[in-house]
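Biologist: Hi! Could you walk me through this one while I have it open on my screen?
Modeller: Happy to, let me bring it up.

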Amino acid sequence: MRFKLWFLLLIIVLLVACSNNEQTKKEVQTNSEQEIVEETTVKLEKNEVQDLLRTNLDNIFEVFVSSGEENGWNTTNAPDFNILRPEFLPFATESFIDTTLKEMSQDYYCECDAPFKPNIEYDVHFTFEETDNSKLHIEALEPATELSNTVLLWSFNLVKEEDSWKMKDWNHQLIEDQDLKLTKEEAEILLTSEYETPEFVEEYESKDTGGKAFLFKMKGAESERLVGISSENSSLLDDYELEKETNQSFENAGETVEVNDLYSEFYEKLHFGMSKEELIAQFGEAQSEKELSSDITLQYTDAIYTISKSSNQVYKVELIGEKASTYYKNFDEIVKAYNPDPVYAEYLDEVSNDENGYHLLLDDGYSKSHLFTSDNEKGNPIKTITIQVLNFQ
């Protein structure tokens, strides 16, 4: 009886031990499966996606370059796509190769400046979405350049085939109505290159875009220049006005204009062709100085002088203040003075108006123009006179 009892207890112990061992095996198996699932669903980080796309694009276009060099393809020696096709297979899907890349190969060796490779920015407005651990959708900007002042939004789709990411398709569209809301820091990244370093100057309201823009001083090894960039679409702008500080006060500034007969004396007596340095040497420092994209303006009490940066010569003079009203009473008197013989008129006259007032334009159709502006429809009194001689621009 005692032996049977001990035997029964032994069986119970063995059954419990087997049950626990089986449970442990199931738990180990379950944990292992979970680890495998976690390993296979690890998402790519942003820097990994950036490197992946950069490498993929580099590889695709390296095929174009190296194959073209090896086979001497050009405008007179057309490429053989049968040679190109297998070289693309590690980097793109067959459908992408047989459509987009095949079509591109027909134009790639044109020996022209046509841009084929997407010139995207990886550090500004770069976004991506990964699905099923085997599909990537990427969106990136191709910012404006001085050669092509347009902004493109690129979309890339990549798929994973045999543990390799391959380009499935790409497309791009112009950014027109979308506001990118670029920050100053993002604008600085877009302007930075191996040749120039941007230095922030100021934020301003762009007349061209009607929105916020940033002005930067671009510093190169041997030169400096100013460039504006739109916060809305990253287009490059030249509508800025950078005012420079001067030591001259309005009270101490003297007059610069001594003209009796504006019609006959403007060319000789309004200082056309003088340089900035010559103006300052003769009349002293201006009340204000502004730097524009291609010009510099110096303002004195009676006139604003516009100097071309390329020629360093005065090519436009705007008479302001009381001086502008002393030459003619109204528009009719101006037309008679400039065109005493209507049949053989030297200047064509045109009247217009806008938010700045009423205007009478007299233009010789070649190089000289005179613009008279008034708040009165009849031109009484004249408030500004702007004369341009384009020969000096």
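Modeller: One term before we start: contact here means heavy atoms within 4.5 Å. Also, this is a predicted model.

Biologist: Good to know. Which strands do the buried residues of α5 pack against?
Modeller: They pack against β5 (197-205), β6 (212-219), β7 (224-230) and β8 (236-237).

Biologist: And which residues of α5 are the buried ones?
Modeller: Helix α5 covers residues 184-191, and its buried residues are Glu 186, Ala 187, Leu 190 and Leu 191. Looking down the axis of α5, those buried residues fall within an arc of 135°, so they line one face of the helix.

Biologist: Why would residues with gaps between them end up pointing the same way?
Modeller: An α-helix has 3.6 residues a turn, so residues three or four places apart point the same way.

Biologist: Let's go to Met 218. Which strand is Met 218 in?
Modeller: Met 218 lies in strand β6.

Biologist: Is Met 218 buried or exposed?
Modeller: Buried, because its relative accessibility is 1% and the cut-off for buried is under 20%.

Biologist: What is Met 218 in contact with, leaving aside neighbours within four places in sequence?
Modeller: With those neighbours set aside, Met 218 is in contact with Leu 191, Glu 196, Thr 197, Pro 198, Ser 223, Glu 224, Arg 225 and Val 227.

Biologist: How far apart are Met 218 and Thr 192?
Modeller: In sequence, 26 residues; in space, 8.7 Å from C-alpha to C-alpha.

Biologist: Let me switch to the helices. How do α2 and α4 cross?
Modeller: Helix α2 (residues 46-71) and helix α4 (residues 94-108) have axes that come within 11 Å and cross at roughly 40°. The two are therefore oblique to each other, and α2 passes α4 in a right-handed crossing.

Biologist: Which residues meet there?
Modeller: From α2, Ile 60, Phe 61, Phe 64 and Val 65 meet Leu 101, Met 104, Ser 105 and Tyr 108 of α4. By type, the residues of that contact are 7 nonpolar, 1 polar and no charged.

Biologist: And how does α3 pack on α4?
Modeller: Helix α3 (residues 81-88) packs with α4 at an angle of about 135°, and their axes are 10 Å apart. That angle makes α3 oblique to α4. The contact uses Phe 81, Leu 84, Arg 85 and Phe 88 of α3, with Glu 94, Ile 97, Asp 98, Leu 101, Lys 102 and Ser 105 on the α4 side.

Biologist: How many of those residues are charged?
Modeller: In the contact of α3 with α4, 4 are charged, alongside 5 nonpolar and 1 polar.

Biologist: That leaves α2 with α3. What is the angle there?
Modeller: About 145°, with the axes of α2 and α3 10 Å apart. The crossing of α2 and α3 is right-handed. Ile 60, Val 63, Phe 64, Ser 67 and Asn 71 in α2 meet Ile 83, Leu 84, Glu 87 and Phe 88 in α3, and this set divides into 6 nonpolar, 2 polar and 1 charged.

Biologist: Nice. Zooming out, how many helices and strands are in the chain?
Modeller: The chain has 8 helices and 17 strands. It runs to 393 residues, and 39% of them count as buried. Taking contacts between residues at least 6 apart in sequence, 50% join residues at least 24 apart.

Definitions and conventions
Residues numbered from 1 in each chain as written. Predicted model: local features only at pLDDT ≥ 70, side-chain atom pairs only at ≥ 80, totals over all residues. Heavy atoms only, no water. Axes fitted to C-alpha atoms, helices over the stretch in contact; angles between N-to-C directions. Helix = DSSP H or I, 4+ residues; strand = E, 2+ residues; numbered from the N terminus. Parallel < 35°, antiparallel > 145°, perpendicular 65-115°, else oblique. Left-handed = near helix turned anticlockwise from the far one by under 90°. Nonpolar A, V, L, I, M, F, W, Y, C, P; charged D, E, K, R; others polar. Buried < 20%, exposed > 50% of the residue type's maximum accessible area, 1.4 Å probe, protein only. Arc of directions from axis to C-beta.
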